[in-house]
Amino acid sequence: MLKLSRLTDYAVAALVRLSAAEGVETSPGIAAAIGVPEPTVAKVLKALAGQGLVISTRGARGGYRLGRPLSGIAVAEVICAIDGPIALTSCVEGATSTCESQSLCPVAGRWDPVNEAIRKALTDITLADMAAAALPPGLRLPQPMNEVA
């Protein structure tokens, strides 16, 4: 089963929450809003800040804000910020681990097209798409049609 980590799920929730905030939002405020313990939210926000997805401001009026609009943040970026490169198996390009059976495996290296298709799909979906999908279909605005030349 292909499954994202809880931290990635929390990161998406925190980013969507930040998009609704006016100004900066504190880590405890985000934690309370999304129902996740504050230390976990702080860990997620630190990782997101490291990739420029959020911007932190120190001080009494400090907190976090989005680094760019949700429409400019791909799901793949969030996954990579929290979990590292998208790699279905240890023998795909970009994997951080190695496979002990790679020399004997009849499908070694053949997962690359599958991995790339999943990576592309996750790159094509933005957090704005996910935020819009949370609305009931009757409340969603129609998507603009792309003209085909």
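Me: How many salt bridges does a search of the whole structure find?
Reply: Four salt bridges turn up when the whole structure is searched. Keep in mind that this is a predicted model.

Me: Which residue forms a salt bridge with Arg68?
Reply: Glu77 does, and the closest N and O atoms of the pair are 2.2 Å apart.

Me: Are Glu77 and Arg68 buried, exposed or partly exposed?
Reply: Glu77 is partly exposed, at 31% relative accessible area. Arg68 also counts as partly exposed, with 28%.

Me: What about Glu116, which side chain does it meet in a salt bridge?
Reply: Glu116 meets Arg119, with 2.6 Å from N to O. Both are in helix H5, which covers residues 112-124, and they sit three residues apart, or about one helical turn.

Me: How accessible are Glu116 and Arg119?
Reply: Glu116 has a relative accessible area of 41%, which makes it partly exposed. Arg119 is at 25% and counts as partly exposed too.

Me: And Asp124, what does its side chain meet in a salt bridge?
Reply: Lys120, with an N to O distance of 2.6 Å. Asp124 and Lys120 are four residues apart in helix H5, about one turn of the helix. Asp124 is partly exposed at 47% relative accessibility, and Lys120 is partly exposed at 48%.

Me: Changing topic. Which residues of helix H4 are buried?
Reply: H4 spans residues 75-83, and its buried residues are Val75, Ala76, Val78, Ile79, Ala81 and Ile82.

Me: What do the buried residues of H4 pack against?
Reply: Four helices: H1 (6-20), H3 (38-50), H5 and H6 (127-133).

Me: What comes just after H4?
Reply: Gly84, which takes a positive phi of about 95°.

Me: Where is Thr126 placed?
Reply: Thr126 is in the loop between H5 and H6.

Me: Is Thr126 buried or exposed?
Reply: Buried. Its relative accessibility is 15%, and the cut-off for buried is under 20%, so Thr126 qualifies.

Me: What is Thr126 in contact with, leaving aside neighbours within four places in sequence?
Reply: Leu70, Ser71, Ile73, Ala74 and Val75. Val75 is also one of the buried residues of H4.

Me: How do the residues of the lining divide into nonpolar, polar and charged?
Reply: Nine are nonpolar, two are polar and two are charged. Ile79, one of the residues closest to the pocket centre, is also among the buried residues of H4.

Me: On to the strands. In which sense do S1 and S2 pair, parallel or antiparallel?
Reply: Antiparallel, over four bridges, with S1 at residues 54-57 and S2 at residues 63-66.

Me: Which residues stand opposite each other?
Reply: Val54 stands opposite Leu66 in S2. Thr57 has Gly63 as its bridge partner, also in S2.

Me: How many residues are between S1 and S2 in the hairpin?
Reply: Five, and Gly59 in that turn has a positive phi of about 110°.

Me: Back to the helices for a moment. Where does Ala42 lie?
Reply: Ala42 lies in helix H3 and is partly exposed, with a relative accessible area of 28%.

Me: Last one. Where is Cys99 found?
Reply: Cys99 is in the loop between H4 and H5. It is partly exposed, at 30% relative accessible area. The C-alpha atoms of Cys99 and Thr89 are separated by 8.3 Å, with the two residues 10 apart along the chain.

Technical notes
Residues numbered from 1 in each chain as written. Predicted model: local features only at pLDDT ≥ 70, side-chain atom pairs only at ≥ 80, totals over all residues. Heavy atoms only, no water. Buried < 20%, exposed > 50% of the residue type's maximum accessible area, 1.4 Å probe, protein only. Helix = DSSP H or I, 4+ residues; strand = E, 2+ residues; numbered from the N terminus. Contact = heavy atoms within 4.5 Å. 1 Å grid on protein atoms, 1.4 Å probe; cavity = no way out; pocket = protein on both sides within 12 Å on 5 of 7 lines; lining within 4 Å. Nonpolar A, V, L, I, M, F, W, Y, C, P; charged D, E, K, R; others polar. Pairing = 2+ DSSP bridges.
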